[in-house]
Amino acid sequence: MSRAPSPPISGDLPRDFSSREALEQLLADAFPQAEGPLSPIRGGREAADDQLARVQPGRYAKSRNHLDGAVTGLSPYIRHGVLTLAQVRNAVFQRIRKRDDGAKLINELGWRDFWQRMWLDLGDGIHDDQEDFKTGHDSGAYVRELPADVRDGTTGLACMDGFRDQLVSTGWLHNHARMWMAAWLVHWRRVHWKAGADWFLEHLLDGDPASNHLSWQWVASTFSHKPYFFNRSNLERYSEGRYCDGCPSAAQCPFEGSYEQLENQLFAPMPSIRDKGNDRNRRDRRANNRQQSKGGGNAALARPKR
Ligand SMILES: Cc1cc2nc3c(=O)[nH]c(=O)nc-3n(C[C@H](O)[C@H](O)[C@H](O)COP(=O)(O)OP(=O)(O)OC[C@H]3O[C@@H](n4cnc5c(N)ncnc54)[C@H](O)[C@@H]3O)c2cc1C
């Protein structure tokens, strides 16, 4: 049954267009300061159903960490209510033979649900540090403004400038790119996660305060027991070298090194994040527990074992 178009609301933008070009023209007239063409991601029920029909749970499980992996691209439709999580889950179950084949994807849908529930619980608290940073640095050590070279995509790091360009021109980034970019901004550039999170929300078509802010806090370590960080070989592997080959900063890549080296470089001295449970760390933990029981706890030292 076809529905009559909803009546125009005074001050609302039109909703029906003769073509996509007409939509683009209207937006260019209404927002002359906005640069670039429309995102290639299309809105609406038809586009959402097409995208849902392309979901491959088995390939997803094997390749989701790679930038060219079989991720679903469903987030803008889920975010705006075109698809519910239950519809996606049902589509996954219809497409698999054993329930386990859909486990990875269903698990990720669960993250979205979890962040929404946390938002209900925490309310506007999602905008604030949930805990101390476990990086050895105080919250005040992080810059509150997004640096201009990051906003403009002129850092000279092919990966980060590339992610920025994709974010701004399409409104979507792969999960791994979001994690790398957030970790770089917070841990290498020492920018407070909130500045990065607010900037992401300016551009993401799937921008959602709960998934976004709490993921940024997870990377930063204000909503997890340790900071997330990465090294060049991780980025190179999961991006198939597409940024590192030909990067103008390749000779001075800030991500070059082992996890141990980068950990020493980025975080203030404290028991190792990659704690193997040696005697020194056990002694430190005992001392820290004593200190905490006296009311002088330091969250950075209280990091649980990996
Ligand atoms: C710093 C950072 C910021 C993020 N900001 C947002 C945001 O504003 N909005 C948003 O929807 N997701 C956000 N995410 C989560 C995740 O990156 C995106 O949901 C995912 O990349 C969207 O692409 P996809 O639909 O192809 O995901 P797929 O991997 O195909 O997953 C299918 C669906 O599961 C859900 N999902 C998958 N991974 C996550 C996750 N880690 N957390 C929550 N839901 C997940 C999404 O609804 C997604 O559409 C963020 C992650 C990070 C690290």
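Which residues of helix 9 are buried? The answer is in point 3.

1. Basis. This is a predicted model, in which local features need pLDDT of at least 70 and side-chain atom pairs count only at pLDDT 80 or more, while totals for chains, interfaces and linings use all residues. Residues are numbered from 1 along each chain as its sequence is written.

2. Overall make-up. The chain has 14 helices and 0 strands. Helices here are DSSP runs of H or I with at least four residues, strands are runs of E with at least two, and both are numbered from the N terminus. Of the 306 residues in the chain, 25% are buried. A residue is buried if 20 or more other C-beta atoms lie within 10 Å of its own, exposed if 12 or fewer, and partly exposed in between, with C-beta atoms placed from the backbone. Among contacts with a separation of 6 or more, 67% join residues 24 or more positions apart. Two residues are in contact if their C-beta atoms, placed from the backbone, lie within 7 Å.

3. Helix 9. Helix 9 is mostly covered, with 11 of its 14 residues buried. The buried residues are His-176, Ala-177, Arg-178, Trp-180, Met-181, Ala-182, Ala-183, Trp-184, Leu-185, Val-186 and His-187. Their cover includes helix 7, helix 8, helix 10, helix 11, helix 12 and helix 13. The 14 residues of helix 9, at 1.5 Å a residue, should span 20 Å, and the end C-alpha atoms are 19 Å apart, which agrees. The expected span of a helix is 1.5 Å times one less than its number of residues. Just after helix 9, Arg-190 has a positive phi of about 55°.

4. Helix 8. In this helix Cys-159, Met-160, Asp-161, Phe-163, Arg-164 and Leu-167 are buried. These buried residues pack against helix 7 (148-152), helix 9, helix 10 (193-203) and helix 12 (232-238).

5. Helix 8 against helix 9. Helix 8 (residues 158-170) packs on helix 9 (residues 175-188) at an angle of about 120°, and the axes are 10 Å apart. Helix 8 is therefore oblique to helix 9. Axes are lines fitted to C-alpha atoms, for helices over the stretch in contact, and angles run from 0 to 180 degrees between N-to-C directions. Angles under 35 degrees count as roughly parallel, over 145 as roughly antiparallel, 65 to 115 as roughly perpendicular and the rest as oblique. The crossing of helix 8 past helix 9 is left-handed, that is, the near helix is turned anticlockwise from the far one by less than a right angle (clockwise would be right-handed). On the helix 8 side the contact involves Cys-159, Met-160 and Phe-163, which meet Ala-177, Trp-180, Met-181 and Trp-184 of helix 9. By class, this contact of helix 8 with helix 9 has 7 nonpolar, no polar and no charged residues. Ala, Val, Leu, Ile, Met, Phe, Trp, Tyr, Cys and Pro count as nonpolar, Asp, Glu, Lys and Arg as charged, and the others, Gly among them, as polar.

6. Helix 5 against helix 6. Helix 5 (residues 85-94) and helix 6 (residues 103-122) pack at about 175°, with axes 10 Å apart. This angle makes helix 5 roughly antiparallel to helix 6. Leu-85, Val-88, Arg-89 and Val-92 of helix 5 make the contact with Leu-105, Ile-106, Leu-109, Arg-112 and Asp-113 of helix 6. The residues of this contact divide into 6 nonpolar, no polar and 3 charged.

7. Helix 6 against helix 11. The angle between helix 6 and helix 11 is about 90°, and their axes are 8 Å apart. The two helices are therefore roughly perpendicular to each other. Arg-112, Trp-115, Gln-116, Met-118 and Trp-119 of helix 6 contact Pro-209, Ala-210, Ser-211 and Leu-214 of helix 11. This contact has 6 nonpolar, 2 polar and 1 charged residues.

8. Ser-221 is not a glycine, yet has a positive phi of about 95°. Ser-221 lies in the loop between helix 11 (209-220) and helix 12, and is buried, with 28 other C-beta atoms within 10 Å. Glu-240, also not a glycine, has a positive phi of about 55°. Glu-240 sits in the loop between helix 12 and helix 13 (259-266), and counts as exposed, with 12 C-beta neighbours inside 10 Å.
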